[in-house]
Amino acid sequence: YLKHGTNNEGTPAVVEFPINTNRDLSFQKIWITNQDNKIINTVPHNESFDINIEFQVNRDISPTEITITAKNSRGINIFSTSLSDENGGKIQSFDSGMYAIKTSIDGNFLIPDIYSIRIYAHERGSRDIDLKENAINVQIVDEGSTVKSYGEASLTWNCVFSNAKWDINKQ
């Protein structure tokens, strides 16, 4: 949980990076949008949001993975997702040109905190192409979740909402 007075104010809602034409692929921009496609950097815990990325491919490149990782305020990696997740593990090749990708993150997944997003283009296990650590921050705010009453202790015991289904019967 966020400490009292900690917030995401002053954090840019869109981050742009200079294109590096010496790289095969160069990230250009990252931003967060809500389900109405409005640019934001603060999201209620129960609402889905999208991570949007634009990148320039300067030369045709062989199979390349694009990976997004979110770290919580304690520096713990909470999730990673890759473009190949959508393609059954198949890695994509890119022709030269400008590309835009969007990854959707479901509501009721991340507990309230500020998350740092890392974006990474690479050939699996062999070559780094472009990496932006702490590319953008997104703040998840509590809108009456079940962990709200635990306060900061929830960060010690949780990283994500499990939303497990329970059934209880008196025997």
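**Note on strand pairing, aromatic contacts and a cavity**

1. Ala70 stands opposite Ile117 in β10. The model under discussion is a predicted one. Ala70 also stands opposite Phe79 in β7.

2. Strand β10 (residues 113–123) pairs with β6 in the antiparallel sense, over seven bridges. Strand β7 (residues 77–82) is joined to β6 by five bridges, and these two strands likewise run antiparallel. The hairpin of β6 and β7 has five residues between its strands, and Gly75 there takes a positive phi near 80 degrees.

3. A further partner of β6 is strand β8 (residues 92–94), joined to β6 by two bridges in an antiparallel arrangement. Here Thr64 has Gln92 of β8 as its bridge partner.

4. How many residues of strand β6 are buried? Of the eleven residues in β6 (residues 61–71), eight are buried, so the strand is largely enclosed by the rest of the structure.

5. Turning to the rings, the structure holds five aromatic pairs. The ring centres of Phe27 and Phe55 lie 6.3 Å apart with the planes at 75 degrees, so this pair is edge-to-face. Distant parts of the chain are linked by the pair, since Phe27 belongs to strand β2 (residues 25–33) and Phe55 to strand β5 (residues 49–57), 28 residues apart. Phe27 and Phe55 are both buried.

6. The rings of Phe94 and Tyr99 have centres 5.1 Å apart and planes at 80 degrees, so they too form an edge-to-face pair. Phe94 is buried, with a relative accessible area of 3%, whereas Tyr99 counts as partly exposed at 24% relative accessibility. Ring pairs link Phe27, Phe55, Phe94 and Tyr99 into a cluster.

7. Lys29 lies over the face of Trp31, at 5.0 Å from the ring centre. Arg118 lies over the face of Tyr120, also at 5.0 Å from the ring centre.

8. Which residues line the largest cavity? The structure holds one cavity of 30 Å³ or more, and the largest cavity has a volume of about 30 Å³. Its lining is made up of Val43, Pro44, His45, Glu47, Phe49, Asp106, Gly107, Asn108, Phe109, Leu110 and Ile140. These lining residues divide into six nonpolar, three polar and two charged.

Terms used:
Residues are numbered from 1 along each chain as its sequence is written. This is a predicted model: local features need pLDDT of at least 70, side-chain atom pairs count only at pLDDT 80 or more; totals for chains, interfaces and linings use all residues. Side-chain values use heavy atoms; hydrogens and water are left out. Rings of Phe, Tyr and Trp (its six-membered ring) pair if their centres lie within 6.5 Å; planes under 30 degrees apart count as stacked, over 60 as edge-to-face and the rest as tilted. Helices (H or I, at least four residues) and strands (E, at least two) are DSSP runs, numbered from the N terminus. Buried means under 20% relative accessible area, exposed over 50%, partly exposed in between (1.4 Å probe, protein chains only). A charge sits over a ring if NZ of Lys or CZ of Arg is within 6 Å of the ring centre and within 35 degrees of the ring normal. On a 1 Å grid over the protein atoms alone, a cavity is a set of points where a 1.4 Å probe fits but cannot get out, and a pocket is an open set with protein on both sides within 12 Å along at least five of seven lines; lining residues have an atom within 4 Å of a point. Grid points are joined across faces, edges and corners, and a volume is the space filled by probe spheres set on the points. Ala, Val, Leu, Ile, Met, Phe, Trp, Tyr, Cys and Pro count as nonpolar, Asp, Glu, Lys and Arg as charged, and the others, Gly among them, as polar. Two strands pair if DSSP finds at least two bridges between them.
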